[in-house]
Each structure stands twice: as C-alpha cells, then as structure tokens.
Amino acid sequence: MGVYARRPPRPNMLQRTLTVYIRQHCHLCTEMARALVPYQQRFALSFEFVDVDEDPVLCARYGEKVPVLADGEQEICQFFLSDQALVEHLGTPVRAPASVSGAPRNERIHAIARQIPKGRVATYGQLAAIEGRSTARMVGNAMAALPAGSDVPWQRVLNSRGMLSPRSGGGGTSEQKRALMAEGVLFDRRDRVDFAVVGWSGPEPQWLADNDCHHTPPAGVSRGKH
DNA sequence: TAAGTGACTTTTC
DNA sequence: AGAAAAGCCACTT
C-alpha cells in the first residue's frame, strides 16, 4: 500500500477520473501521486494508477517517460505535475462541440481528425471507416484541402503502411515528420511508425454516437505477421 | 460526357 | 521486402 492505494476507478457524472501511468519503484511517480492529492477534492477527481509494466503496449508507448498524467487519450503532463497544465485542462471541460452529424464530408473528416490525441496517429482508411461514407482517398483529399494554420492535426494522419504519404507538390512531409517527432512519435529506419505503439484506437464511444460515426478496429490490426 | 488526377489501399509479382 | 498494377470515387477539365 502506499501512495497508490487510494484508487477508486469508479467514474460517475460528478467525478472525473484521470489516469496516471506509473511504474513501481519510481520516485517521480510517487511524487506525482502525492502532488495530486490536493486536486482530488478541489476538482472532484479520482485517479486510476496504471502500471505500464503490466501492458507491453503501454510499456512501449511510455518507456521510461513515466509518470504521465492523462485524461482518457489526452496527455496532460509527464514527469512532474504541472499545475498550469492540469488547471487549464480541467478548466476547459466537456465542451460539447456541435455535432457534425449531417455536416459536409470534409467537415466531418476534419472533426474526426481533431479527435486524434497528441502523440498518436491514424490512417486515412481508418478515418474513412469512422466517417462511414468516405474512402481513404477522400480523406486524403480532405487533408489536402486544409488551409495553412488549420487547427486540424493533419500530421497525425498516415497511410496504411505507417508512412508519410508524399504530396503531389513534392514537399511537406519533412514538416510532418518533424511535427510528429516533436510529439514523441518515433520512426524506424525505413521511416515507418509502429501502430502497436502510437496507433489511435478511435474516438470515444460517446463522441461516435453524438456525431453519427462508427467504431472501427484501429490501424495496423491484422497487419502484423501472424 | 470522357478522361485525367489525387496527402489511398490491397493484391500480385 | 519492395515495386507495380489494379481498384477506387469524387472532382476537375
């Protein structure tokens, strides 16, 4: 028992549950757990502590970068508790975005892409399947239609091989790779990402329902060698 | 209308 | 493994 003992993973309407990725015998993890205590009551939070060593995927994803404080798919801070990041995150809660159900195709695709968390990637085909009435090529076209400076995280959309898709103009992919690496996404020797590590599992079920989208298997499944 | 063109994916060599 | 070909579908010319 120790600092991780209190753990009511029991989400309800009034209480938000944040996830803390930790590993045993980690000093920073202990410190973050302690630092979170005051916030527990102040914001009606509960915490779920997850030992990354118990899940190979989490272990690969976070490696030595623990602890990480997250709200669902969204990472809030790592190593140390950031009061600014946490308060800011909690201060912009459950902003119920207007549903894009029935919106034009590109608008729906962009809305889905905005759901991809920092540090994760999706494929064109995956977004198409989530949207429901689009093909991967249409998703590519929707990304190409994005104006510069858009708030859509277009860099997180890759092709089915986990690589950056070359543009007709030629350039653009180096900026994409740079942006992804800045988010902690790793590329192998052949410039491919590992979907098992950074692949996105799709929007939350509630979001899918609100926006008339579909649950689909994450990218990279059934692509592995048996 | 027909033909050409993608920030795609899958199948075939 | 990697390249080429074939499907693909909305848009543009």
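**Entry 1: the open sheet**

I started with the sheet of this predicted model: four strands form an open sheet in the order S2-S1-S3-S4, with mixed pairing. Strands here are DSSP runs of E with at least two residues, helices are runs of H or I with at least four, and both are numbered from the N terminus. I took two strands as paired if DSSP finds at least two bridges between them. Strand S2 (45-51) and strand S4 (74-78) are at the edges with a single partner strand each, so one side of each has no neighbour in the sheet. I noted that neighbouring strands are turned by 25° against each other on average, direction ignored.

I kept the conventions beside this: residues are numbered from 1 along each chain as its sequence is written, and chains are lettered from A and ligands numbered from 1 in the order in which they are written. Local features need pLDDT of at least 70, side-chain atom pairs count only at pLDDT 80 or more, totals for chains, interfaces and linings use all residues, and side-chain values use heavy atoms, with hydrogens and water left out.

**Entry 2: strand pairs**

I went through the pairs in turn. S1 and S2 run parallel and are joined by seven bridges; within this pair, Leu-18 has Phe-47 in S2 as its bridge partner. S1 and S3 pair in the antiparallel sense over three bridges, and Tyr-21 stands opposite Val-68 in S3. Strand S3 (residues 68-71) and S4 also run antiparallel, with four bridges, and Asp-71 has Gln-74 in S4 as its bridge partner.

S3 and S4 form a hairpin with two residues between them. Gly-72, in the turn, has a positive phi of about 65°.

Six of the seven residues of S1 are buried, so the strand is largely enclosed by the rest of the structure.

**Entry 3: helices on the sheet**

For contacts I used heavy atoms within 4.5 Å. For directions, axes are lines fitted to C-alpha atoms, for helices over the stretch in contact, and angles run from 0 to 180 degrees between N-to-C directions.

Helix H3 (residues 83-91) lies across S1, S2, S3 and S4 and runs at about 155° to S4.

Next I followed the loop between H3 and helix H4 (105-113), where Pro-97 lies. Pro-97 has 46% relative accessibility and therefore counts as partly exposed. I also checked Pro-97 against Val-197: they are 100 residues apart along the chain, and their C-alpha atoms are separated by 29 Å.

**Entry 4: H4, H5 and H6**

I listed the buried residues of H4 as Arg-108, Ile-109, His-110, Ala-111, Ile-112 and Ala-113. These residues pack against H5, H6 and helix H9 (205-210).

Helix H5 (residues 124-131) and helix H6 (residues 136-144) pack at an angle of about 100°, their axes 7 Å apart. H5 is therefore roughly perpendicular to H6 (65 to 115 degrees; under 35 is roughly parallel, over 145 roughly antiparallel and the rest oblique). I found the contact to be made by Tyr-124, Gly-125, Leu-127 and Ala-128 of H5 and by Ala-136, Val-139, Gly-140 and Met-143 of H6. By class, this contact has six nonpolar, two polar and no charged residues. Nonpolar covers Ala, Val, Leu, Ile, Met, Phe, Trp, Tyr, Cys and Pro, charged covers Asp, Glu, Lys and Arg, and the others, Gly among them, are polar.

Arg-133 lies in the loop between H5 and H6. At 72% relative accessibility, Arg-133 counts as exposed. Beyond its neighbours within four places in sequence, I found Arg-133 in contact with Arg-105, Ala-128 and Met-138. Arg-133 and Cys-213 are 80 residues apart in sequence, and 9.5 Å apart in space from C-alpha to C-alpha.

**Entry 5: chain totals**

Among contacts in chain A with a separation of 6 or more, 69% are between residues 24 or more positions apart.

Technical notes:
Buried means under 20% relative accessible area, exposed over 50%, partly exposed in between (1.4 Å probe, protein chains only).
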